[in-house]
Amino acid sequence: MLEIKNMNTYYGNIQALHDINISVKQGEIITLIGANGAGKTTTLMSMSNVVTPKQGEITFLGEQLLTKKPDDIVKMGLIHVPEGRHIFPYLSVMENLDLGAFLRNDKAGIKKDLDHVFELFPRLHERRNQQGGTLSGGEQQMLAISRALMAQPKLLLLDEPSLGLAPIIVRQIFDIIKRINKENGTTIFLVEQNANLALKVADRGYVMENGHITLEDTADNLLANEDVKKAYLGI
Amino acid sequence: MEYFLELFLGGLTRGSIYALIALGYTMVYGIIQLINFAHGEIYMIGAFTALIFASVLSILGWPALAIFVVATAAAVLYSSAYGYTIEKIAYTPLRNAPRLSPLISAIGMSLFLQNYVLLAQTSDFLPFPQLIPDFEFMEPISHIFSSAELAIVLTTVIVMLLLTYYIKFTNMGKAMRATAQDKTMALLIGINVDRVISVTFIIGSSLAALGGVLIANHIGQVNFYIGFIAGIKAFTAAVLGGIGSIPGAVLGALILGWTESFATGYISSDYEDVFAFGLLVLILIFRPAGLLGRSETKKV
Ligand SMILES: Nc1ncnc2c1ncn2[C@@H]1O[C@H](COP(=O)(O)OP(=O)(O)O)[C@@H](O)[C@H]1O
Ligand SMILES: [Mg+2]
């Protein structure tokens, strides 16, 4: 469904990504793990074309993304929950969710999806009139994922959803991620520093170091890999 | 008492004009964190466009009110085109440059437009015809509040209501609020941020043009420099109210209008600007974010 070929991305003169190759199949949960500063966020930003890669190809559902504007990419169903959640701080929970469906016009469908996210995260329903900026970190992450669901993702990009959250909240959020994959059939591309957690929910994984993909395997093999264990699993 | 009322209404009129211009500053700042120093010139160009159209149409013998409508529409269209083009030429290429660059570009644009009008027209004040007739029902109070002033205040009130509705309820309005709060996220939910920026410039320019026509009609003359003075005052109002805040711009404009009007009326007209800018300094000392501004919260 998504194919990245020989992608190089720069910030000014500094090359952040080197020759990246990634492929994602329909229905999979793929994870990209790596240390802070490895280039994971840049990889996602390149897919959404918020940062434009200098060379390479990104094909999504048979179409080239590099020449598309970010809003066209959203329209195609590639939805990105960025690192740090990026909740609109002065808009209510409802308004944030409403903006997730910005490009949609099907009122009935939007209503249905709204009910669905409130069922996934009843807490958001309780807080629906509260300003986004006043939510706790966990609630903001729930809202960020829900807002993405309101866009009807075919491929959902999640950038460090566990960042800064208490373990119990993290578990809850990862359960929901699995549910979204199973029940909605949404393909998931999960970026994490928490490699242990990510590899446990993922089908396959990529390991990134200093802007290079250094390993690519099934999640189970990566969990068993000695180098991965040493570098990322703290074993 | 009547003198007080006259000063109050005079301040309201000034404040309304400042508000029409200040909204352009504050909306653009809210979206791209840029002080568009060329905004005052947009106001001036609006007034000149109306003057040119009014001159031609009055030679053709049109009635005043029809001239007013057409000249105003032309002013709004021309100024919008200027605002849109300025953004594309002077700011878009500098979107990712250090913050000082677009600011310098803005000042350059302002000087360029002033001198362009100076050369194309003249440095003298040109008389602007009275297009809004003196309404009969205003007769009893016309010595303290003219029909032209009434038009200014009424137009401003209507425009504010429309703008509030637009920002709150239309898709483009929602996109504007989202873009102002988080540009990256706006892109990621599928908002065409370039279009939002263009529309913001067009709305701001239209409001400034409206202000330009109304004030020219009220004062009866224009020259190439009016945009500079009005621009600085409106900018002061926007900062006073909290730059980036729409209600703040209106509040700041009214306070500034009344301060100037009362200071001029009760103390001396020599001190008009001293009071205006003194007020600004005070606010910036005690409330750096302005009256309704949000203090800079760190963005994660
Ligand atoms: N906006 C930016 N401008 C310049 N350099 C950046 C920017 N964002 C990230 N970088 C650099 O690119 C590299 C990769 O960063 P990032 O993709 O954020 O890594 P990760 O998400 O894996 O922590 C880092 O060296 C970082 O300093
Ligand atoms: Mg990151």
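The model is predicted: local features need pLDDT of at least 70, side-chain atom pairs count only at pLDDT 80 or more, and totals for chains, interfaces and linings use all residues. Residues are numbered from 1 along each chain, chains are lettered from A and ligands numbered from 1 as written, and side-chain values use heavy atoms, without hydrogens and water.

The residues around ligand 1 (a heavy atom within 4 Å) include A:Tyr11, A:Asn36, A:Lys40 and A:Thr42. A polar side-chain atom of A:Thr41 lies 2.7 Å from a ligand oxygen. For the side chain of A:Thr42, an N or O atom is 2.5 Å from an oxygen of ligand 1. A:Gly39 places a backbone N or O atom 2.9 Å from a ligand oxygen. Taken alone, ligand 1 exposes 560 Å² (Shrake-Rupley method, 1.4 Å probe), and the protein buries 56% of that.

Chain B also meets chain A. Contact (heavy atoms within 4.5 Å) joins 20 residues of chain B to 22 residues of chain A. The buried area (accessible area lost on being put together, 1.4 Å probe, summed over both parts) is about 2,000 Å², and carbon and sulfur atoms give 64% of it. B:Gln181, B:Leu188 and B:Ile189 lose the most area in chain B, together 31% of what that side buries. Two salt bridges (a side-chain nitrogen of Lys or Arg within 4 Å of a carboxyl oxygen of Asp or Glu) are counted between the chains. B:Arg177 forms a salt bridge with A:Glu95, with the closest N and O atoms 3.4 Å apart.

Notes:
Buried area = accessible area lost by both parts, 1.4 Å probe. Polar contact = N/O pair within 3.5 Å; in protein donor to acceptor, adjacent residues only side chain to side chain.
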